[in-house]
Amino acid sequence: MSAEEVAASTPERHAIGISFGNSHSSIANTGADGKPEVIANEEGDRQIPSILSYVSGEEFHGTQAKAQLVRNPKNTVAYFRDFLGKDFKQVDPTSAHASAHPQQHESTVAFSIHDSESETPNTVTVSEITTRHIRRLASSASEYLGYKVNAAVVTVPTDFSDKQRAALTEAAKAAGVDVLQFIHEPVAAVLAYDARPEAKVSDKIVVVADLGGTRSDVAVIASRGGLYTILATAHDPELGGSKLDQVLIDHFAKEFVKKHKTDPRENARSLAKLKLESEATKKALSLGTTATLSVESLAEGIDFSATINRTRYELLSSKVFGEFRRLIETAVSKAQLDLLDIDEVILSGGSSHTPKIASVVGAAFPETTTVLAPSTSTSAINPSELAVRGASIQASLIEGFEHEDIEQSTHPVVTVAPHLNRAIGALVISAEEHHGIFRPLLEPETAVPARRTAQFATPKEGGDVLIKIVEAAREIHSRKPEPKPKADEKKDDDDEEDDVSDFTDSEDEEEEIREKKWKVHTVLAEAAIKATKKGSKVEVVINVGSDLGIQITAREVGAQGGVRGSVEKPATAVNGSA
Amino acid sequence: PLLPAGWSSDKDFKAVGSLSPATQRSLEPVGPHFLAHARRKRHQRTFSEDERI
């Protein structure tokens, strides 16, 4: 029974996408038109703070709960996502310092809070907190959509353990939400971009930098014909928007000390006020070039008001921006790639709104790399919404599937596939490996089975044509720029080369120029197409099977027949090909 | 490129080498193209068979 055919068997299921973060959570739904829509809760927030607070037995959630961090920190639970499914010893309680503290409770983490009207505090486990949080998210979605939401696709970081996933599934179940699938946050971001109607599915290497509130995660993803493979990830559990908040807190605190001789950071309540306002100021600086901060009765009953401009803020936080950049570079080198290999950088997460981060990150990459952030690209999607949009698209795709179907499809037997180590393509211009220019059809890291088609121009005068299919590897060449512009690039590497290439590179920079080049590794096959017409094109189709056998078809566009042939799979068995 | 003189082969096609070993990696089970891939793999269909259905 195919997955599509069972769509009608669970008519009662309504799934949404949920992104569940330490700082913020979001909900989104993809309707019949296929466009994901991020749902605002009753307070009008699309980024709903992952915070719960209790005041005399009443539960507050989201922004309302966040405000309680000032007056009622002990009964306010925040930054709890990463505590879920972990032992007390494993958790880092730093970010929960200004709210209810996590404590050890049996094998899990719990909070001691006054969540009822009784005098004694209750011990509430992090699972129970998560359940309450998800219940509120689902009810906000249900109220907006007008029907009961009972299932979801939830985004998680790439380093989320199975234990954490199981704990989250349980917690969601208790809230009446059936988790259909967990998807990785960076992959959800790529899907959010690829699912737009104007997007074209292509072969590219994408870096997704998820710059969050209390942590940042970077993933390098090979996107090949709409299939995604994570090549490497890098995590920083301490880097995030809260570090930028801290920069502003320190800046304003120093100003306050200068004027009033008392440090607002030394009083918990003053610090909580300053933190809340600094975060708002930071957000204002992402949109405008100046922002004000004003806090009533900041410390010792003194009101405080100050202005900061964006340039000043960027100077103060340049160190933090550099850390973001280094984390991204770490991830790329972990994938054993060069920055030149990256086609696209997707900035995701709340901190990606900062214009300077986009320009600092963009400067690390060559100009050919697209940086998708609000300040660098008009077509960028709101970085705060990427993960949840991806989740809601996935939710709409699998809503009708049975659990068994989803499990079978996500089983390693299906997901593990051989990925090409080198590119496969055709040599053009000349059959000689030194002179020929390599045109990749299948990029490295493409999962097989895969099929690609490309068209090549034939020599001007027509005639007999040789199609040479080769395997090639990417090499990075660096060279000093020549004093004269329009130097033939090949001359620098190999003096024996003739002027074959019409490729000119006239960049007059002093620093050394690094570039990507293809080096032919092995010739796979040759095919001859005879008597092509003047100015016609040859279409080549390469089909790589899961056993690494190759079928090649080449024919002149518009002509009948053509040449077909196959290349045997490699003699040595590939480790456990499925 | 132009066909060198004297090149000939059965049915105009000559297989020369074979691919270098591939790496086993895990795909992300996300998106419409993956679902199509999973469907093909579970039913052991090829691309063209899949298109005909």
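I take buried to mean under 20% relative accessible area. With that cut-off in hand, I looked up chain A and found that 54% of its 578 residues count as buried. A reminder to myself: this is a predicted model.

**Entry: the whole chain**

I listed the secondary structure and got 13 helices and 30 strands in chain A. Next I looked at contacts with a separation of 6 or more, and residues 24 or more positions apart account for 64% of them. For the surface, I noted that chain A exposes about 26100 Å², with carbon and sulfur atoms supplying 48% of that area.

**Entry: one residue on a strand**

I picked A:Ala531, which sits in strand 27, residues 513–532. Is A:Ala531 buried or exposed? I found it exposed, because its relative accessibility is 56% and the exposed class begins over 50%. Leaving out residues up to four places away in sequence, I saw A:Ala531 touch A:Gly463, A:Asp464 and A:Glu556. I also checked A:Ala531 against A:Thr76: their C-alpha atoms are separated by 79 Å, and the two residues are 455 apart along the chain.

**Entry: salt bridges**

Side chains of opposite charge can pair when their charged atoms come close. My count over all chains came to 28 salt bridges, and I opened a few of them.

I began with A:Asp194 and A:Lys204, whose side chains meet at 3.4 Å, N to O. I noted A:Asp194 as buried because its relative accessible area is 14%, and A:Lys204 as buried because its value is 9%.

Then I turned to A:Lys243 and A:Glu323, with the closest N and O atoms 2.9 Å apart. Which elements does this pair link? I traced A:Lys243 to helix 5 (residues 241–260) and A:Glu323 to helix 8 (residues 318–334), 80 residues apart. A:Lys243 is partly exposed at 30% relative accessibility, whereas A:Glu323 is buried at 17%.

I placed A:Arg265 in the loop between helix 5 and helix 6, 15 residues from A:Asp250. Both partners are partly exposed: A:Arg265 has a relative accessible area of 28% and A:Asp250 one of 23%.

To finish, I followed shared partners and found one network joining A:Arg81, A:Asp82, A:Asp159, A:Glu185, A:Arg215 and A:Asp217.

How values were computed: Residues are numbered from 1 along each chain as its sequence is written. Chains are lettered from A and ligands numbered from 1 in the order in which they are written. This is a predicted model: local features need pLDDT of at least 70, side-chain atom pairs count only at pLDDT 80 or more; totals for chains, interfaces and linings use all residues. Side-chain values use heavy atoms; hydrogens and water are left out. Helices (H or I, at least four residues) and strands (E, at least two) are DSSP runs, numbered from the N terminus. Buried means under 20% relative accessible area, exposed over 50%, partly exposed in between (1.4 Å probe, protein chains only). Contact means heavy atoms within 4.5 Å. Accessible areas come from the Shrake-Rupley method with a 1.4 Å probe; for residues, only the protein chains shown count as cover. A salt bridge is a side-chain nitrogen of Lys or Arg within 4 Å of a carboxyl oxygen of Asp or Glu.
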